Amino acid sequence: MSDDKEYWLDKPNNNRKLIIGVVIICAGLLIAEFFYEKHAHFAVEHWFGFYGFYGFIVFIGIVLIGKELRKVLMRKEDYYDE
Amino acid sequence: MMNEYLFSPGLILIVGAVLVPILPLVLRRAYLLLLPVLAFWYILGLEPGDVQTIAFMGYHLEPLRVDKLALVWGYVFSLAAFLGVLFALHQDDPVQEISALVYAGSGISAVFAGDLISLFVFWELTAVSSVFLIWASRNEQAYRAGMRYLIIQIGSGVILLAGILFWFSDTGSLAFNAIGIETLAGKLIFLAFGIKCAFPLLHNWLQDSYPQATPTGTVILSAFTTKLAVYALARGYAGTEVLIYIGAVMTAFPILFAVIENNLRKVLAYSLNNQLGFMVVGIGIGTPLALDGTAAHAFSHILYKALLFMSMGAVLHRTGTAKASELGGLYKSMPFTATFCTIGAMSISAFPLFSGFISKSMILTAAAGDGHWVIWGVLVMASAGVMEHSGIKIPYFTFFAHDSGKRPKEAPLNMLLAMGITAFLCIFIGVFPEYLYAILPYPVDFVPYTTEHVITQLQLLMFSILAFIVLIKTKLYPDEIPSTNLDFDWLYRRLLPKFIRNAGTKISIADQHIREMFLLMVSRIMATTKRLNGMDGIVAKTSSIGSMASYAVGLLAIFLVLYFIT
């Protein structure tokens, strides 16, 4: 079914461009913190880049914990089919 | 307004379904689209305060009671019914069509029920009608999953009925208003709502059954049952503190299962569970802002969740699979579906300018404003989790990632239309939240688009994407593996049957022993009786008159001897 047409995302170079784009946006979002006043509910929200770092750490934590859970929970696909 | 001509709007779909089997295909398709439009139009004309009361066996029932809370659900349910029907329009399957109409109609009627008996009737009707969307897959697995679904759903209804009876005997009222968990009746009704709302440990019917339904059936299923439960909780248990903690657990634990699940429709079912958690937290907080947040989130959630299930349904329809391990690179031949799926993913992840952003933030702000910092922390964490499984995993592994080599045709036109309209609504609500805010139960004094809020939310989401890139590049991200992951349903699908089988074997052995002993006893009694009363038995012996006389003489002789001795 495959075709030979090359798509934009097929080029590794363009993949790299996308990743660099994400990094630039993240950096921009951190820099943006200097330009507005925070009205946070909790003290931690005043920490520099709190949401960014919290999101980053939590995301990696969720994936790695999920991966560990596989050791306990994963069974064959037809586990319930007798 | 009290008007004898008013009736419950869901009846338009329920009664309307009667004609479906007799209409020819082309006419039927138009008719299927018309019914939800009529229901929507009729609900638009309803005003808070409208009621319909009927006397039934001496009780006053209110099949229609209109207020702002019910209206939010009425609008979005009829909208979802239309979109669901449109998405399924390429099919020619009257069973699914009738099922979808009756199910959607009973969902709509349930939210307009002013008394508990009407609620119970439509509550059970949603269960009975919807199971056909699962069975319509017409295979053994779907049949079994449907049976489990039906047992649990009907069970919820039976518990509800028990609660209603206690409630009526306690209070003498059947009106469906605030209930509270203080009384036994309140606890039973709470449990019934909790089952349908997929509370933790009561949740597995959802992940078990929804992925087994037809590609179009899951879209319909995702809209009604659980959101009806959210509505019922908001009406009966607003401000019940335990809901805050239940909701927080609901947002958190499904995200771990979603990470490792390979069946993408099951991932969406876990994600649905997680989204319900946000709404349940809002109900638990119970302030006007929190309840508005719950209603708004239910509204936007029904749309983006339907959109995500539609995109996976379209992929399943075209490729025959919804497993991440078998998909990838589909954007090349299904660009529209890929775009719509991405819009759904951005909505559920709550990107600014998408619907999830303007509704979820109300609940988070309400939680923070109430000082629940742990809960707030969990909800923000769960938001990153949503980004992981619904924001990235669903579109990435289906449409991008490694190329599976599959080049299916783009989805049928009706599917594209349904996805297009839903995607449009997701963006429209995100860009113009004031229209949604205007229909919420309480006046809204909330501004979603502040610089701080937009920046912090984008930080959370973009850094999550960055984390994903890091995990992929370092190859730490878990591979998609064809597998079954054990969840709580293991208890009733494996442990309990095994236990019952074991117990059954033991009981049958014991039973056999008892029977054997009994038979032995009976045969001994029989033998003894036979010995005594049988042909040659002492008791049954026939004797001659002569010998009888000699017996009598003998007895007399003994008597005389004894007489003289004493």
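## Strand pairing between the chains

Strand β1 (residues 74–75) of chain A and β3(B) run antiparallel and are joined by two bridges. Strands here are DSSP runs of E of at least two residues and helices runs of H or I of at least four, numbered from the N terminus; two strands pair if DSSP finds at least two bridges between them. In β3(B), Thr484(B) stands opposite Arg75(A).

## Basis of the model

This is a predicted model, in which local features need pLDDT of at least 70 and side-chain atom pairs count only at pLDDT 80 or more, while totals for chains, interfaces and linings use all residues. Residues are numbered from 1 along each chain as its sequence is written, and chains are lettered from A in the order in which they are written.

## The contact with chain A

Chain B brings 43 residues to the contact and chain A brings 42 (C-beta atoms, placed from the backbone, within 7 Å). On the chain B side, at least two residues each come from α10 (242–260), α14 (355–369), α15 (373–399), α18 (451–473) and β3 (484–485). The most come from α18(B), with 17 residues.

## Chain B as a whole

Chain B has 20 helices and three strands. Its radius of gyration, taken over C-alpha atoms, is 33 Å, well over the 24 Å that the globule rule (2.2 Å times the number of residues to the power 0.38) gives for 566 residues, so chain B is more spread out than a compact globule. Along the principal axes, the C-alpha atoms of chain B fill a box of roughly 130 × 60 × 60 Å.

Conventions: Two residues are in contact if their C-beta atoms, placed from the backbone, lie within 7 Å.
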